[in-house]
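Here's a quick briefing for anyone about to look at a ligand site in a model. Have a look at the entry below, then read on.

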Amino acid sequence: MAKEEGRNTTRFFSPQMQARVQAHAEMEAALRQALDEGVFQLFYQPQFCRDGKLVGAEALARWPVEGGRMVSPADFIPVAEDTGLIVPLGGWVLDTACRQLAAWQAQPGTRTLSLAVNVSARQFHQPDFVLQVTSAMQRHGIMPSALKLELTESVILGDIDETVARMAQLRTLGVRFSLDDFGTGYSSLSYLRRLPLDQIKIDQSFVRDMLDNAGSETIVLAILGMSRSLGLEVIAEGVETEAQHAFLLEHGCQRFQGYLLGKPLPLAAWPAHWLDSCAGD
Ligand code: C2E
Ligand code: MG
Ligand code: MG
Ligand code: MG
């Protein structure tokens with residue numbers, strides 16, 4: 001209970017908390033309406049391999065509101081998770097991503113590109129999640145190996161056996177998995193060994209600090225070494241400077257994503273040279 005409340009109050013919420021609850025409720029209503037009206041967009045951030053060729057992208061949700069402003073996913077994803085709206089929203093993201101993959105797979109120049117989609121823990125643990133993914137893939141007739149689902153360590157907070165089984169089911173179909181924001185969550189090394197992963201994503205907070213902070217440098221080097229021993233591909237997110245890129249290259253990082261190489265953009269706004277550098281045939 002807030003200090004300034006005084007002794008005789010029966011309110012449970014401080015004014016600040018009430019404002020927050022109200023803002024949350026307003027955002028929930030606005031989210032619901034935005035979903036109904038289909039105003040969400042996907043932006044695509046390019047991912048490159050060691051020799052600078054484009055290998056794929058990460059799909060990132062955007063919510064455009066009045067005045068050309070975009071509400072950040074950092075603000076609306078948590079509300080979508082709390083309210084369960086992440087399930088329809090995540091379904092729309094999956095469908096849209098699979099449609100884009102189908103378009104890439106229909107063109108010789110972009111056939112080999114992969115697309116990473118963020119999946120919330122709550123979405124992943126829906127009973128029909130596997131069905132949701134397989135129907136989206138079938139609807140658009142895509143090659144499953146091009147779809148990469150990004151999970152965070154929070155999925156493991158659920159039932160680890162169920163998580164492994166569900167991942168294995170999708171992986172049998174060819175779908176790939178990346179562990180997002182690695183190092184910021186709770187996972188232990190034994191979990192890491194049990195999860196059927198293809199890729200580990202070094203969190204941008206470590207990339208940001210690694211050249212100035214010995215602790216972050218140690219963590220980045222440990223993740224690179226560990227991924228190599230486990231036979232997992234490793235991608236760095238949040239690469240913003242040439243110096244960070246050079247350091248990661250020198251230490252064997254395989255994939256790179258960040259403002260230095262390209263910001264998330266609608267596909268129509270992608271500069272031609274990204275697609276021209278596509279690694280595939
Ligand atoms: P994330 O999956 O870790 O995505 C990376 C975030 O870092 C993105 O923020 C991206 O725009 C940003 N970023 C990329 N490169 C750089 C860089 O060089 N420097 C800096 N400072 N930032 C960079 P964004 O698009 O705001 O998304 C934030 C988070 O929201 C994502 O983090 C992801 O967890 C979540 N999110 C976004 N779209 C979806 C979605 O469709 N579904 C779910 N469940 N979550 C989503
Ligand atoms: Mg991600
Ligand atoms: Mg991340
Ligand atoms: Mg992140």
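What follows covers the overall fold, then the ligand site.

Keep in mind that this is a predicted model. The protein has 11 helices and 9 strands, and ligand 1 takes up the space of the largest pocket. Around ligand 1 there are 22 residues, and the protein buries 84% of the area that the ligand exposes when taken alone.

**Overall shape**
- With 281 residues, a compact globule would come out near 19 Å in radius of gyration, and the protein's 20 Å agrees with that.
- Along the principal axes, the C-alpha atoms fill a box of roughly 70 × 45 × 45 Å.

- Of the 22 residues in the shell, the ones that come nearest are Arg 62, Asn 118, Gln 204, Glu 240 and Tyr 259.
- Four elements each supply at least two shell residues: strand S2 (54-64), helix H2 (73-83), helix H3 (86-105) and strand S6 (176-182).
- S2 gives the most, with 4 residues.

- Ala 61 works through its backbone instead, with an N or O atom 3.1 Å from a nitrogen atom of ligand 1.

**Burial**
- How much area does ligand 1 expose when taken alone? The figure is 790 Å², and the protein buries 84% of that.

Definitions and conventions:
Residues are numbered from 1 along each chain as its sequence is written. Chains are lettered from A and ligands numbered from 1 in the order in which they are written. This is a predicted model: local features need pLDDT of at least 70, side-chain atom pairs count only at pLDDT 80 or more; totals for chains, interfaces and linings use all residues. Side-chain values use heavy atoms; hydrogens and water are left out. A residue is near a molecule or strand if one of its heavy atoms lies within 4 Å of it. A polar contact is a pair of N or O atoms within 3.5 Å; within protein, one must be able to donate a hydrogen and the other to accept it, and residues adjacent in sequence count only if both atoms are side-chain atoms. Accessible areas come from the Shrake-Rupley method with a 1.4 Å probe; for residues, only the protein chains shown count as cover. On a 1 Å grid over the protein atoms alone, a cavity is a set of points where a 1.4 Å probe fits but cannot get out, and a pocket is an open set with protein on both sides within 12 Å along at least five of seven lines; lining residues have an atom within 4 Å of a point. A molecule sits in a cavity or pocket if more than half of its atoms lie within 2 Å of its grid points. The radius of gyration is taken over C-alpha atoms; the globule rule is 2.2 Å times the number of residues to the power 0.38.
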